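This report covers salt bridges. Please have the sequence and the model open side by side.

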Amino acid sequence: MSPNIQKGDFIFVDREVNAPGSKRQLKRGDTAVFINPNDRTTIFIKRIIGLPGDQIEIDGTDVRVNGKLLKSGESTVVTEKLLFHENSETGQSYDIYWKEIKDHGSISVKVPAGQVFVLGDNRDESYDSRAFGPLPLIDIIGVAKQSLFSTGSDGLRLGKWIDVN
């Protein structure tokens, strides 16, 4: 999930999101914490790109949801990766990485009822819905809200907000 969540980050997760009776439902752009559908002993964290009924199209580094391009502005190059900004459902942005030189291919998926489509923010290094398909809502544990502190190399991560909504 680099650049937004780093190895060694300890994060606060709101477990009431998506729970029965919760006023706060999942939104596009949320950073979901969920059970890996292929290894139920492992927990993953990825960005929710598509909600039930959404049409997801990925062509190269362009990601479209219901025909709307998520990228905004121009890319910059950071250590052989392209850094892009994408917009959440509420219009706030978050950073994502794509490798600068790579055939990224294309896919088109309609998200089934009761499921979401997730992507990692470090797109070429991520094992996400492009590999395991849409994720059942029941497997979502919660939404990452804040990095409390980090034991990683980036000492500036104390209290960094993750939730963009």
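The side chains of Glu125 and Lys99 form a salt bridge, at 3.1 Å from N to O. The pair links distant parts of the chain: Glu125 is in the loop between strand 11 and helix 1, Lys99 is in strand 9 (residues 93-99), and they sit 26 residues apart. Glu125 is partly exposed, with a relative accessible area of 48%. Lys99 is partly exposed too, at 31%.

Some terms and conditions follow. This is a predicted model, where local features need pLDDT of at least 70, side-chain atom pairs count only at pLDDT 80 or more, and totals for chains, interfaces and linings use all residues. Residues are numbered from 1 along each chain as its sequence is written, and side-chain values use heavy atoms, with hydrogens and water left out. A salt bridge is a side-chain nitrogen of Lys or Arg within 4 Å of a carboxyl oxygen of Asp or Glu. Helices (H or I, at least four residues) and strands (E, at least two) are DSSP runs, numbered from the N terminus. Buried means under 20% relative accessible area, exposed over 50%, and partly exposed in between (1.4 Å probe, protein chains only).

The whole structure holds 8 salt bridges. Among them are these:

| Salt bridge | N to O distance |
|---|---|
| Asp54 and Arg28 | 2.7 Å |
| Arg47 and Asp121 | 2.6 Å |

Asp54 is buried, at 5% relative accessible area. Arg28 is partly exposed, at 22%. Both Arg47 and Asp121 are buried.
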